[in-house]
Amino acid sequence: MAAAAARTALARPHLPLPSSTRRSSRLSLTPFSAPGLRVGGAATSISAAAAPLQQQQATTPRLGDVIEAQQFDRDALNEIFEVAREMEAVERGSHGAPSRVLEGYLMATLFYEPSTRTRLSFEAAMRRLGGEVLTTENAREFSSAAKGETLEDTIRTVEGYSDIIVLRHFESGAARRAADTANIPVINAGDGPGQHPTQALLDVYTIKREIGTLDGIKLGLVGDLANGRTVRSLAYLIAKYQNIKIYFVSPDVVKMKDDIKDYLNSQGVAWEESSDLLEVASKCDVIYQTRIQKERFGERIDLYEAARGKYIVDKKVLGVLPKHAVIMHPLPRLDEITVDVDSDPRAAYFRQAKNGLYIRMALLKLLLVGH
Amino acid sequence: MAAAAARTALARPHLPLPSSTRRSSRLSLTPFSAPGLRVGGAATSISAAAAPLQQQQATTPRLGDVIEAQQFDRDALNEIFEVAREMEAVERGSHGAPSRVLEGYLMATLFYEPSTRTRLSFEAAMRRLGGEVLTTENAREFSSAAKGETLEDTIRTVEGYSDIIVLRHFESGAARRAADTANIPVINAGDGPGQHPTQALLDVYTIKREIGTLDGIKLGLVGDLANGRTVRSLAYLIAKYQNIKIYFVSPDVVKMKDDIKDYLNSQGVAWEESSDLLEVASKCDVIYQTRIQKERFGERIDLYEAARGKYIVDKKVLGVLPKHAVIMHPLPRLDEITVDVDSDPRAAYFRQAKNGLYIRMALLKLLLVGH
Amino acid sequence: MAAAAARTALARPHLPLPSSTRRSSRLSLTPFSAPGLRVGGAATSISAAAAPLQQQQATTPRLGDVIEAQQFDRDALNEIFEVAREMEAVERGSHGAPSRVLEGYLMATLFYEPSTRTRLSFEAAMRRLGGEVLTTENAREFSSAAKGETLEDTIRTVEGYSDIIVLRHFESGAARRAADTANIPVINAGDGPGQHPTQALLDVYTIKREIGTLDGIKLGLVGDLANGRTVRSLAYLIAKYQNIKIYFVSPDVVKMKDDIKDYLNSQGVAWEESSDLLEVASKCDVIYQTRIQKERFGERIDLYEAARGKYIVDKKVLGVLPKHAVIMHPLPRLDEITVDVDSDPRAAYFRQAKNGLYIRMALLKLLLVGH
């Protein structure tokens, strides 16, 4: 273990935290100590949880979790992206001389709702670094959660069996509760309508990797901007860079909400709304398309159908898109990008999915053994 | 492989075996031979199964399975506990120099009903020793069992793919049937209302680890004593030690049954029933709390609610509990232990869950490569 | 990696391909190149998929997939069987000196419908060779397929996380679609009513391993010959050998279909139908029994019950079966082979299941690192 691991100071979050104000003013990617040293801390943490909130502001200095996109400042992002880039070579070398960086480390993927894509990418990341995995594909139905056990109790059991927990949960704020309980690092792999920070990181990394820079980017966010967790997180993160311009292109029923617009204003980020996808595409470095989520429309299938067909990325969009620009999508996609776009070199969405592997490898390495 | 592995002689079980009398008079933790040598034995075993029962008493010497708590005598328990203690250091050293003790060994976790906690702890145990895992999280629904395949046929297939089978099943006696069929070791990870021997072992180990001794222990068993598999097995096992005193504290509807009381009498173990948890707590080394199982009450929710609230381990219990004593619970817990108890150093239940890892590591090592 | 891996030329398939004519005239077991080299090809492949079919005949040279039994000629079969035989020693040596042949390789088992037996055998195969596994036990329900993602998109994501995909799907032709998309090898682990080529390979391998030869074999196919995917594939494959005689023994409602009979005729394979299992058994080298599949009979339980009881392999069949002959069954079995047959050395079905491990080890080795 890298005892002298670099301490990456992460800045105070810019935004009110979604579910709790219990958060130290500084977060760090410092690796955790050996399993043998955890016991005492666990008891402390639980006891703190029972104490009044106001007392805790300064008393729960949690290290080394990945809970929400806002926790990272530019320096932290840069460090993660640098390590992610190194991971490409690690993966490429897997067959000849597989990495032993995380040999002897055990990751528990505790998924309370299924997400095969995210789970496989975390598990591949762990294994490409020589680590091992404990899997729970559907903890909500299968685990003692069904018998009424609290998330906190489950976490305190699972932390005894593993070195890091990757949590997917259906409740906003669950990842923070887990992190406040655990004495090992927790990574939020999506907590309901809350956060999905590794998706946000891989999105920003993809822009950097594809375009070469983040400052000065012109970004078109298209589709469901009201409910899309990914576009909201991306807007937060990209705001940390200079000279950004964002175009919102969405059906009226799923327009970007005011909280993000206000936030962008407060950060001095230029944005405008547009109903002309072709015009936006002709000016952008990145078109980020998203799926209109049917489940948000309830019985109003008519509204869904209208919203769904409105902004499609197709050959016409490619026709006006600058040569250096790219199309991104968090996947899965339905028909909001036509399949004839896939073969264009500017279709970056499968490379984007692949970047999820590198970002997760980087985070696992940073959290478990440091830089 | 340790060819000269120590043969731990395990005594004749004290009790009638739950589902079968086919059991040799001596059990052993001797490791199994290489996979190449198994085939003949399998045919023999199956053929024996078809023969009349009385002939088989002496003809099916089964080795190296963990089927029920009663199979272990004090010497066997001591050996397991010694190895479990060594496993703490093995786990602590995982990151620097991971164990290769079970490298090249493959464990199949064949779970016919979900039990995330037990499964993860077995899988973590295997991996902390350098072994590999094949997982089936819900074999009942997913496997050919749904097409009507017998457990015996499934076992004979799975034993071809693995070196040891960890079986969780919904039918009492299933583990013994599996062990009678398999030519590789079988560990019972719970068979319905039957046995859950690794839970019993980790409970006794926890008492020894926390209190320092087993002889002379005063033990309060609290909660659902009628249906609780764990408290029944614990009563059996603890009876192997000297000078034990057991207090039963439970609502009338879920009192400890006569078979256990008779057994304790036959072993000369002192016991009494009490309705005063505080008084019992003030005298005990261990308070073992259990969950009242709602599913046992059917439509009588009123009876459940009455039973459930009757004996709660809370700060008041801590107030009278001796300083050296501990609170245990097999988990999951609902509110039968209040969360403000968690931070007390005497709250041993999460350490108890962690001991499950060490006990399972010890069993896997003993069954596969010997001492 | 074996850069100079032997290129095993596989002959043009004898039969029209089930779901697509896009197939090169030559298939090969050549291993794939490193992951870093895949990206360009993916785009090409997808773009080809959008082009008119007739143009593609010669433009999609796909290498290194296992999609259907017919793709293998005698030379390819021989090579696979030779490697499978070597795998027995590799497995036997696992504990002392585990294989590192596939160290650093990652297999994704993408199962859209459950098949525990097949999945465990692939995963055991990968691990016995030192490789690692990503598991999806029920991708249909759990993955983004439920949100409407196409198989092609899922494949293009999963190929970014792994080195080889083992696909089980409910739709005939799915495996070929996956292979046409992926830039890493795909193995068909069963696609609905379509193909299950590794089962066919292990069946033929078992005959060779048990009887010592394939040319000149007399084979009795018994049970559900209309719906049984395995007996149909076996008939195709065995037709590649000389001087074969096949007996069909089945209830009238599930007789072998004309396409297979016509094919056997075209290949000069002698076959006849019989209703006398004992007479057939007395003349055969192999009796291949199958389960009558209740689900095929809908509400006609009476027809099912009649069909089911008609041809049972029992002690009477053993009584007339030649000493050197064997009983095979793809499993799971219900009562179409009585359990008192199991202990006879000629009962080969569990050895047959075990051969599935060796065949899958051989295929994984051949596809990933070559001979």
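Here are some friendly questions and answers about a predicted model and the places where its chains touch.

Reader: How many residues of chain C are in contact with chain B?
Author: Contact here asks for heavy atoms within 4.5 Å. On the chain B side, 31 residues take part. Their partners in chain C number 32 residues.

Reader: Which helix of chain C gives the most to the side that touches chain B?
Author: Start with the contacts themselves: there are 12 residue pairs in polar contact between chain C and chain B, both residues at pLDDT 80 or more. Helix 3 (74–92), helix 4 (116–128) and helix 14 (349–368) of chain C each supply at least two residues to that side. With nine residues, the one that gives the most is helix 4 of chain C.

Reader: Why is helix 7 of chain C largely enclosed by the rest of the structure?
Author: A residue counts as buried when its relative accessible area is under 20%. In helix 7, the buried residues include C:Ala174, C:Arg176 and C:Asp180. The helix covers residues 174–181, and it is largely enclosed because the number of its eight residues that are buried is seven.

Reader: Now to chain A and chain B. How much area do they bury between them?
Author: This interface brings 33 residues of chain A into contact with 33 residues of chain B. Carbon and sulfur atoms give 57% of the buried area. The total is about 3000 Å².

Reader: Which element of chain A gives the most to the side that touches chain B?
Author: The rule finds five salt bridges across this interface, and one of them joins B:Arg128 and A:Asp163 at 3.1 Å. The elements of chain A that give two or more residues to this side are helix 1 (39–50), strand 4 (132–136) and helix 6 (151–158). With five residues, the one that gives the most is strand 4.

Reader: How far apart are the end C-alpha atoms of residues 215–366 of chain A?
Author: An unreviewed UniProt entry lists this span as "domain: Aspartate/ornithine carbamoyltransferase Asp/Orn-binding". In the model, the span is 37% helix and 14% strand. Its end C-alpha atoms are separated by 25 Å.

Methods. Residues numbered from 1 in each chain as written. Chains lettered and ligands numbered in written order. Predicted model: local features only at pLDDT ≥ 70, side-chain atom pairs only at ≥ 80, totals over all residues. Heavy atoms only, no water. Polar contact = N/O pair within 3.5 Å; in protein donor to acceptor, adjacent residues only side chain to side chain. Helix = DSSP H or I, 4+ residues; strand = E, 2+ residues; numbered from the N terminus. UniProt positions renumbered as here; feature names shortened; annotations may be inferred. Buried < 20%, exposed > 50% of the residue type's maximum accessible area, 1.4 Å probe, protein only. Buried area = accessible area lost by both parts, 1.4 Å probe. Salt bridge = Lys/Arg side-chain N within 4 Å of Asp/Glu carboxyl O.
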